Amino acid sequence: MENKPNMANSSMSFRDRFISALLIGGVIGILLGSAIKMFYAPIKTVPKEMRMVAEKKKNIYKGKMQDESVNILENHPVMAYIKAYQEEKWDNVIEQTQWIQDRLSYINKVSNGDQQKIQKEKERIKNDIKERDINKNFLTKEGIEDRYIFIPEAKVTIVGIDDKGPFTDKRIKEMVWINIEYPKPSKALRNEKQIPIKSLVCALSVNSDGKIIKSSIIGNAKIDYSSIKLWYLTKGET
């Protein structure tokens, strides 16, 4: 007896294979679509985040000021403070530093106004802030004392003023950002790896009385570590 092919089964098998192919294709399409979406999503979001960071930087560093603006700021408390360090006028540094004034007020209170004790504490602080120990002339994660930043040889330029905030310390009236350049590696502040720094940006915070407020764990200046540019010495350079 002649066996005839089962047309129904053959037709069903072809249809099943066709549907399966459609289903598999659909699943692959969905997966590819998700992958493409995941791949392109960061491309759309990262620039947005970068723009936000750039905008924040723009608000902090408002571009290098014009000469006439810098001239107006010559008597600004920040410039007077830096100048006092560079010219080693330690009494001026003491007068303008808020934590030192707070310390002297405390000594005055506990000693019932004993001027001898107040003067002794003032001299102790003066000896401390004027010491520039070469073995301590390097940045740490906690910051560094201002005397190592504002050395006489440093070139100082105000690059921005933030008087809007918000500030973490409510006493702060404004934060002034300063670019510091060190002309010679031998005199320069060094980074954590003891490499001389060519330039950096830091900030000093000022209250309504014109006093400098502590902005880091060590020292009053807040360092923008991302701004640091290094000196790379070659043989014979100083």
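**Figure 1. Aromatic pairs in the predicted model.** Rings of Phe, Tyr and Trp (its six-membered ring) are paired if their centres lie within 6.5 Å; planes under 30 degrees apart count as stacked, over 60 as edge-to-face and the rest as tilted. By this rule, the count is four aromatic pairs. The pair of Y81 and Y85 is edge-to-face, because the ring centres are 5.3 Å apart and the planes stand at 80°. Both residues belong to helix 3 (residues 77-86), four residues apart, about one turn of the helix; helices (H or I, at least four residues) and strands (E, at least two) are DSSP runs, numbered from the N terminus. Y81 and Y85 are both buried, that is, under 20% relative accessible area, with exposed meaning over 50% and partly exposed in between (1.4 Å probe, protein chains only). The model is predicted: local features need pLDDT of at least 70 and side-chain atom pairs count only at pLDDT 80 or more, whereas totals for chains, interfaces and linings use all residues. Residues are numbered from 1 along each chain as its sequence is written, and side-chain values use heavy atoms, with hydrogens and water left out.

**Figure 2. The pair of Y85 and F150.** Y85 and F150 form a tilted aromatic pair, with 6.4 Å centre to centre and 40° between the planes. Y85 lies in helix 3 and F150 in the loop between helix 7 (146-149) and strand 1 (155-162), so the pair ties together parts that are 65 residues apart in sequence. Both Y85 and F150 are buried. One aromatic cluster is formed by Y81, Y85, W90 and F150.

**Figure 3. Strand 3 and its partners.** Ten of the eleven residues of strand 3 (residues 197-207) are buried, so this strand is largely enclosed by the rest of the structure. Strands pair if DSSP finds at least two bridges between them. Strand 3 runs antiparallel to strand 2 (residues 172-181), with nine bridges joining them; I180 has L200 in strand 3 as its bridge partner. Five bridges pair strand 3 with strand 5 (residues 222-230) in the antiparallel sense, and I223 in strand 5 is the bridge partner of C202.

**Figure 4. The hairpin of strand 3 and strand 4.** Two bridges join strand 3 to strand 4 (residues 212-213), and the two strands run antiparallel. The bridge partner of V206 is I212 in strand 4. Four residues lie between the strands of this hairpin, in which G210 takes a positive phi near 80°.
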